[in-house]
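Here is a short tour for anyone who likes to keep the model open while reading. Please have the sequence and the 3D view at hand.

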Amino acid sequence: MTALATALPGENVHITTDPYTEPFWQAAKEDRLVAAKCAGCGTFRMPPTPFCPNCQSREVEWAQLAGRAVVYSFSVVHGFPGLPDITLVAAVLELPDAPGARLVSNVIDVDPAQVRIGDEVEVLFSPIAEGWKLPLFRPAG
Amino acid sequence: MRATSDVAIVGVGATEYYRRGQSWPRTITELAGSAILAACEDAGLTAKDIDGFAYYSGAGAGYGQSMDTADFMETLGIPEVTFTAALTSGGGGAAGSIGLARAAIVAGDANVVVTVMALQQARQRLGSVFAAVPPSPLNSFIQPSGLSGPGHLMSVLTRRHMHDYGTRREAFAEIALSQRENAANRPKALKKEPLTRADYFNARMIAEPLCLYDFCLETDGAVAVITTSADRAKDLKQKPVPVVAAAHGGRREWGRAFGWMGMPGENFASSGHAPVAKHLYQRAGVGPADIDVALLYDHFSPMVLMQLEDYGFCAKGEGGEFVESGAIRYKGGSIPVNTHGGQLSEAYIIGMTHIKEGVEQMRGTAINQVPDAELALVSGGPAALPVSGLILGRDS
Ligand SMILES: [Zn+2]
């Protein structure tokens, strides 16, 4: 039996925010996946940044996403400093309702050998340090 | 039509190469200073002749340590400098640092310019550097995933290359095996014992699809290179090695590279070097068919394959087949790659061993000399921008 892919223990995961990224994390606290969308031209960007790279506007709309994603690429990571036995599927995910933006996260609860590019996954939110939550993904039901 | 060269490399020097952490209690300043003095002696110059420094990686020495021109002046007795500058970002600028030296010399800002890199990994392993840095607002979008080092991020690019083009691990094995073979007869190489295909495929997986032998060595040491004007070079000890062209930079599509995964498809499964290659060949007035030996930054074996594509030695997507055909072998290959064993088998000094090997190939004194080689390509690391390339020539 292969070990199922997991995520780093929540208490080991620390994030920091700035005014441009904070709304993403505040939404995650409420179990909502959002993406920064330029209010001028509609271009999505991830991570959130001060300017739209397409039209340089500073105006942002926070688009609510459905929480579905598609695996664009991934790595099966064996071990992490201090956690030599952990197996992680670290994935680059495309977001169908935020075209052009990609999110880096983990696919969990899956046999790593079964993961394929193109797999559909869905979000869940997992507690991490300092009261934040991290969006993770599992195979879509 | 080849461009004429206004500057030349006239000296190279290196310390011993050490396994990670083994150079202590030597310090970064001692390692770098030893390499600089060795490069001066190689050139027939003294430290008092140095008047410029052209670094890369922001004058960093690996991660978390740095080099300082004033320290070198004080400790080596360099009386005055008139130029000291660094390319931004990391190992991507290795080859381009020689272009920075050239810019200073052509502008008349300095005459004898040192490029140096020293590395000592007693405190922080590069392999886990992204896990060790404090969280920032931007890396909070990647650090939690467990992509803890540069190779972990490159493994994601590699997976996509395999998916898009049918690239096989056999190709990565061929890169590791051929470079190990090239290191076998090199006195200073850290890994000389033969590497077999079975060793490769039985190795521990670190970040699939990458295994232990896809990752470069973790080493300590220093390498220095001295560049001066073509005129001054004529009177020195060594046969000058003309700098035919240098380029650094890159496009937004490759982008932040290590911290951003939004690259469009063709750029995602790439080394980010295609735009630099284009400028480099234009400036040199040559193409990939004119290159006789390629010293390609090999922090991770698949990135060698992707550079072979981006520098035009084969078509985009055909790197796997090209490598598997034996094309990069020193013996029998059409474009010998990393004849010194590279960072996978000789030593990892963040790109400097490639410049040293390029110089020796163009002098005609390399241990694994490519017969009659007239042009050498040297690259900096596929990494955060700038990335860079360098073409060295043979003095006529
Ligand atoms: Zn916009």
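## Salt bridges

Over all chains, a search of the whole structure finds 23 salt bridges, each being a side-chain nitrogen of Lys or Arg within 4 Å of a carboxyl oxygen of Asp or Glu. Side chains of opposite charge can pair when their charged atoms come close. One salt bridge to look up joins the side chains of B:Asp49 and B:Arg232, at 3.9 Å from N to O. This pair links distant parts of the chain, 183 residues apart: B:Asp49 sits in the loop between helix H1 (28–43) and strand E3 (52–55) of chain B, and B:Arg232 sits in helix H8 (residues 230–233) of chain B. Helices (H or I, at least four residues) and strands (E, at least two) are DSSP runs, numbered from the N terminus.

A word on the ground rules: this is a predicted model, in which local features need pLDDT of at least 70 and side-chain atom pairs count only at pLDDT 80 or more, while totals for chains, interfaces and linings use all residues. Residues are numbered from 1 along each chain as its sequence is written, chains are lettered from A and ligands numbered from 1 in the order in which they are written, and side-chain values use heavy atoms, with hydrogens and water left out.

## Where chain A meets chain B

In this interface, 34 residues of chain A are in contact (heavy atoms within 4.5 Å) with 34 residues of chain B. About 2,800 Å² is buried between the two chains, and carbon and sulfur atoms give 64% of it; buried area is the accessible area (1.4 Å probe) that two parts lose on being put together, summed over both. A:Pro47, A:Tyr72 and A:Val104 supply 19% of the area that chain A buries against chain B, more than any other three residues.

How many salt bridges are there between chain A and chain B? The count is zero. On the side of chain A that touches chain B, helix H1 (22–29) and strands E4 (68–80), E5 (83–94) and E6 (102–107) of chain A each give two or more residues. The largest share, eight residues, comes from E4(A).

## Backbone details

A:Pro47 has another feature to check: a cis peptide bond joins A:Met46 to A:Pro47, with omega about -5 degrees. A:Pro47 is in the loop between strand E2 (44–45) and strand E3 (60–64) of chain A. In chain B, the peptide bond from B:Trp24 to B:Pro25 is also cis, with omega near 15 degrees, and B:Pro25 lies in the loop between strand E2 (18–19) and H1 of chain B.

Which residue other than glycine has a positive phi near 60 degrees? A:Asp31 does, and A:Asp31 is placed in the loop between H1 and strand E1 (34–38) of chain A.
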